[in-house]
Amino acid sequence: MILPNLKEAKKRTKDPVLTKQFNISNDLVLIGQGKSYYIKTYGCQMNERDSEDIKGILEHIGFKEVFDYEQADLVLLNTCSIRENANDKAFGMLGRLKHLKQQKKDLIVGLCGCMAQEEIVINQILTKYKWLNFVFGTHNIINLPYLINQNMIFNKLMIEVPSIEGNIIEGIPSKRLFNHKAFVNIIYGCDKFCTYCIVPYTRGKQRSRTKEDIIKEIKALKKLGYQEVTLLGQNVNAYGKDLYNNYNLANLLEEVSKLGIARIRFVTSHPWDFTDEMIDVIAKYDNIMPAIHLPIQSGSNRILKLMGRRYTKEDYITLFNKIKKKIARVSISTDIIVGFPTETESDFNETIDLVNTCHFDNAFTFIYSKRVGTVAFKMEDNIQEKVKEQRLQLLNKTVNKYFLQNNLKYENQIVEILVDGIDLKTKQLYGYTDTNKLVYFPGTENLIGHIIKVKITKPKTWSLEGIIQSEN
Ligand code: SAH
Ligand code: SF4
Ligand code: F3S
C-alpha cells in the first residue's frame with residue numbers, strides 16, 4: 001500500500017521533473033483480452049484527458065470499451081474533488097457498484113483521479129469501501145496494468161497513491177474522445193495554492209511539457225485531420241516558467257498557430273500571469289480563437305486577498321479592458337465563488353458590481369466548499385447555507401442577464417461552427433463558434449467534424465439557434 005499524504009503533496013522543491021516514456025512489460029500486454037471496461041469521468045478537462053490515456057492503456061492490454069457499467073468486467077471511476085458535491089457523486093456511484101459486485105463476484109472496481117489523492121477519502125475507503133479492488137492516483141496512471149494483474153492474482157484491496165510532486169510521461173497510447181478536436185496537455189499541476197483549492201495537492205507541482213513534445217503531438221493530430229486543439233493546464237499562462245528562460249505561452253501559441261491547425265484554444269488562464277505579449281499573439285493569429293476563460297472568483301479585494309489570488313479587482317478590470325480592446329470580437333468567461341469564509345453582504349455586492357462592469361459571456365458560479373488540507377479550511381465557514389444559496393441565486397440571475405445580452409448581438413450574423421455532434425433530444429446538430437458560443441441547427445450527421453457557416457436566427461441565454469448558410 002502507498003497512501004496519500006497531504007503534507008507531502010504540499011511540498012515544492014527545485015528538483016528537476018523526470019520525463020519518462022510509456023512502456024509496458026510483455027507479460028501484461030494481453031491481460032485484458034476478452035474483457036471489457038467502463039470508465040466514468042468526473043471533473044475538469046484534465047480528468048477527461050487522463051481518461052483518454054487510461055482508455056488507451058486499457059485497450060493496449062486487450063480490454064474493449066462498453067458504455068453500460070453493468071456489462072463491464074472492469075469499472076473505473078476517475079474522480080474529482082474540487083467541491084464536496086463532486087465527492088458525493090462518486091461515493092453515490094460506488095454505492096451502486098457495491099450492489100453490482102454482490103451479484104457479479106468477478107467484477108473489478110477501481111477508483112482513481114483527484115479524490116484518490118485525498119487522505120480523508122482513502123481513510124473512508126479503508127473503512128467503508130474495502131470491497132473495492134484498487135485505487136491509484138493522478139501520478140501513476142501507467143501502473144494500471146500492473147494493478148489489474150496483481151488484483152487478478154491476489155484479489156484484495158490495493159491502494160497505490162503516491163503524493164509526489166509529479167513527473168511527466170510521454171508516449172501513452174490515447175483513445176481520444178473526438179476525431180476532430182483534442183485536448184493537449186501543456187502544463188501539469190499547479191503552484192498557485194489559492195487558499196480554497198485542492199488542486200495543488202491532488203495534481204502536484206507545476207510542470208511544463210517540452211515544446212517539442214507538444215508540437216509533435218499537435219502535428220500528429222493535424223495529420224489525422226483534427227480541426228481544433230485546446231492547450232490544457234490549470235494555469236496555462238504559467239507555461240514554460242519552470243522549464244525555459246525565454247519561452248512562454250505567447251511563444252508556444254505562435255508556434256502552434258503556424259502549424260496551420262484550424263482552431264486553437266487554451267484553458268485556463270490565471271489573470272496574474274496574463275502578459276501583453278500573449279494578448280498581442282492572440283489578436284494577431286486568426287486560428288487562435290478569441291475566447292478567453294479568465295476566472296475572477298470574487299469582486300471584493302478583501303476576499304481576493306484571503307483567497308490568495310494575487311490580483312485586485314482593479315488589476316482584473318484593467319486586464320479585462322485591455323483584452324477587449326486588443327482582440328476583436330473576443331468573448332470572456334469566468335468562474336465565481338460565493339460564500340467564501342467571512343464574505344459580507346458588501347463583499348458580495350462588489351462581486352455583483354464587477355459582473356455589472358464586465359458583462360461576461362459565460363460564468364461558472366459556485367458556492368464555496370470547504371476542502372480538507374487547504375488554508376481556507378482553517379478559516380471559520382461562518383456564512384449560513386441559506387445565505388450562500390441566496391447569493392448564488394442572485395449572482396446567477398445577474399450573470400444570465402449578460403449571457404443573453406451578449407448573445408443577442410449574434411442575431412442574423414453568419415458564424416463559423418465546428419460541428420461536434422447531434423443532440424440526442426432535439427436531433428439537431430451542435431457546435432461552437434470561434435467565441436465559444438454553443439449553436440444548435442438542423443443538419444445531417446455527415447457534417448460532424450467540419451467547419452461550416454451558420455446564420456444565427458434565435459439567440460438564447462445559454463445557446464444560439466441557427467440555420468446552415470454554407471457547408472464549407
Ligand atoms: N485553475 C483554474 C481553476 C480550476 S478549478 C483557475 O485558477 O482559474 C475550477 C473552478 O472551481 C475555480 O475557478 C473555482 O471557481 C472553483 N473552485 C475551486 N475550488 C473551489 C472550492 N473549494 N469551492 C468552490 N469552488 C471552487
Ligand atoms: Fe486551484 Fe488556484 Fe491552481 Fe486554479 S490557480 S487550480 S484555483 S490553486
Ligand atoms: Fe476536479 Fe481534479 Fe480537475 S479536483 S476540477 S478533476 S484537477
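Me: At what angle do the axes of helix H11 and helix H12 cross?

Reply: This is a predicted model, in which local features need pLDDT of at least 70 and side-chain atom pairs count only at pLDDT 80 or more, while totals for chains, interfaces and linings use all residues. Residues are numbered from 1 along each chain as its sequence is written, chains are lettered from A and ligands numbered from 1 in the order in which they are written, and side-chain values use heavy atoms, without hydrogens and water. Helices (H or I, at least four residues) and strands (E, at least two) are DSSP runs numbered from the N terminus, and axes are lines fitted to C-alpha atoms, for helices over the stretch in contact, with angles from 0 to 180 degrees between N-to-C directions. The axes of H11 (residues 313-326) and H12 (residues 345-358) come within 11 Å, and their crossing angle is roughly 10°.

Me: Is H11 roughly parallel or roughly antiparallel to H12?

Reply: Angles under 35 degrees count as roughly parallel, over 145 as roughly antiparallel, 65 to 115 as roughly perpendicular and the rest as oblique. The crossing of H11 and H12 is at roughly 10°, which makes the two helices roughly parallel.

Me: Which residues of H13 meet H12?

Reply: The axes of H12 and H13 (residues 385-408) come within 10 Å. Contact means heavy atoms within 4.5 Å. From H12, the residues are Glu345, Phe348, Thr351, Ile352, Val355 and Asn356; from H13, they are Arg391, Leu394, Leu395, Thr398, Val399, Lys401 and Tyr402.

Me: What area is buried between domain 1 and domain 2?

Reply: Domain 1 (6-160) and domain 2 (168-404) take their bounds from an automatic or database domain assignment. Their centres, taken over C-alpha atoms, are 27 Å apart. Buried area is the accessible area (1.4 Å probe) that two parts lose on being put together, summed over both. Carbon and sulfur atoms give 57% of the total, which is about 3600 Å².

Me: How many salt bridges does the rule find across the interface of domain 1 and domain 2?

Reply: A salt bridge is a side-chain nitrogen of Lys or Arg within 4 Å of a carboxyl oxygen of Asp or Glu. Across this interface, the number of salt bridges found is eight.

Me: Which residues does a cis peptide bond join?

Reply: Most peptide bonds are trans. Thr268 lies in the loop between strand E13 (263-267) and helix H9 (276-284). With omega about -5°, the cis bond joins Thr268 to Val267.
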